[in-house]
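Welcome! Please take a moment to turn the model around before reading on.

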Amino acid sequence: MRALSTAATGMEAQQLAVEVIAHNLANMNTTAFKRQRAEFQDLLYQTLRQPGAASSDAGTIVPTGVQVGLGVNAGSVYRITEQGSLSQTTNPYDVAISGDGYFRIQLPNGADAYTRAGNFSLSPEGELVTSDGYRVEPGIVVPQEARQMVINQQGQVQILLDGQAEPQIVGQLELVIFANEAGLEQIGGNLLLESAASGAPQPGVPGDAGFGLIRQGFIESSNVDAVTEVTSLIAAQRAYEMNARVISAADEMLAASSNLR
């Protein structure tokens with residue numbers, strides 16, 4: 001009986017949906033986390049009567065046919081990249097992007113990664129780094145003797161030194177954008193990698209056309225909405241239960257047919 005295996009694919013699909021929701025809720029307080037959503041597609045069909053086939057030698061055709069679907073499978077789990085709200089921290093090394101763009105980060109192997117999590121710190125050498133100690137590109141060094149650091153909305157990093165009335169520029173934060181940012185590969189640690197689906201990174205300066213602005217002393221919050229996730233969780237749970245009932249019903253039908261004399 002096909003219903004057993006068909007309903008089993010439905011249970012597996014809803015299990016995946018619940019796992020995605022659990023991941024979203026687990027990261028609802030993760031800086032700049034983007035929620036995900038599971039999308040499904042119908043599986044193959046068993047054609048018992050071909051639609052459009054000739055039903056007589058007079059030229060009549062079968063209008064709809066008979067095709068029985070074999071279940072569902074996962075089509076994609078995509079990232080929803082809408083802006084999260086900005087939370088004020090007053091930490092001068094925290095920066096948030098208001099609008100489009102990603103910071104470029106140099107990994108220990110020399111490759112580039114990308115992030116919107118701007119909870120940065122200073123390395124022992126005074127260089128701007130991520131919470132894992134990876135350098136923010138292009139490298140920006142804040143002198144130890146600086147008594148104040150200011151990052152304006154266009155990403156210029158300025159410092160004030162004792163005895164100086166005018167700030168001096170020590171660096172420029174840059175951003176990159178992608179044609180399909182949902183196609184970036186996630187590697188954990190709030191980092192993403194370029195992929196064939198994302199397209200090549202396009203560098204620019206904050207405030208340029210298509211690029212967001214920098215907000216110093218803020219971080220971007222996760223865009224997970226708890227109410228939406230719980231609602232989706234209830235829907236997935238009910239769908240899982242209904243597929244389980246289909247398996248029970250199919251099992252009872254098999255038992256009834258095996259008891260026929």
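Below is a short tour, from the whole chain to one of its sheets.

**The chain as a whole**

Keep in mind that this is a predicted model. The chain holds 2 helices and 20 strands. Its radius of gyration is 27 Å, well over the 18 Å that the globule rule gives for 261 residues, so the chain is more spread out than a compact globule. Along the principal axes, the C-alpha atoms fill a box of roughly 100 × 45 × 35 Å.

How much of the chain is buried? Buried residues make up 33% of the 261 residues. Among contacts with a separation of 6 or more, 62% join residues 24 or more positions apart.

**A sheet to look at**

Now find the open sheet of 3 strands, which has the order β12-β13-β14 and antiparallel pairing. Which strands stand at its edges? They are β12 and β14, and each has a single partner strand, so one side of each is left without a neighbour in the sheet. On average, neighbouring strands here are turned by 25° against each other, direction ignored.

| Strand | Residues |
|---|---|
| β12 | 146–151 |
| β13 | 156–161 |
| β14 | 168–172 |

Between β12 and β13, the antiparallel pairing runs over 5 bridges. To see a bridge for yourself, look for methionine 149, whose bridge partner in β13 is isoleucine 159.

How values were computed: Residues numbered from 1 in each chain as written. Predicted model: local features only at pLDDT ≥ 70, side-chain atom pairs only at ≥ 80, totals over all residues. Heavy atoms only, no water. Pairing = 2+ DSSP bridges. Helix = DSSP H or I, 4+ residues; strand = E, 2+ residues; numbered from the N terminus. Axes fitted to C-alpha atoms, helices over the stretch in contact; angles between N-to-C directions. Rg over C-alpha atoms; globule rule 2.2 N^0.38 Å. Buried < 20%, exposed > 50% of the residue type's maximum accessible area, 1.4 Å probe, protein only. Contact = heavy atoms within 4.5 Å.
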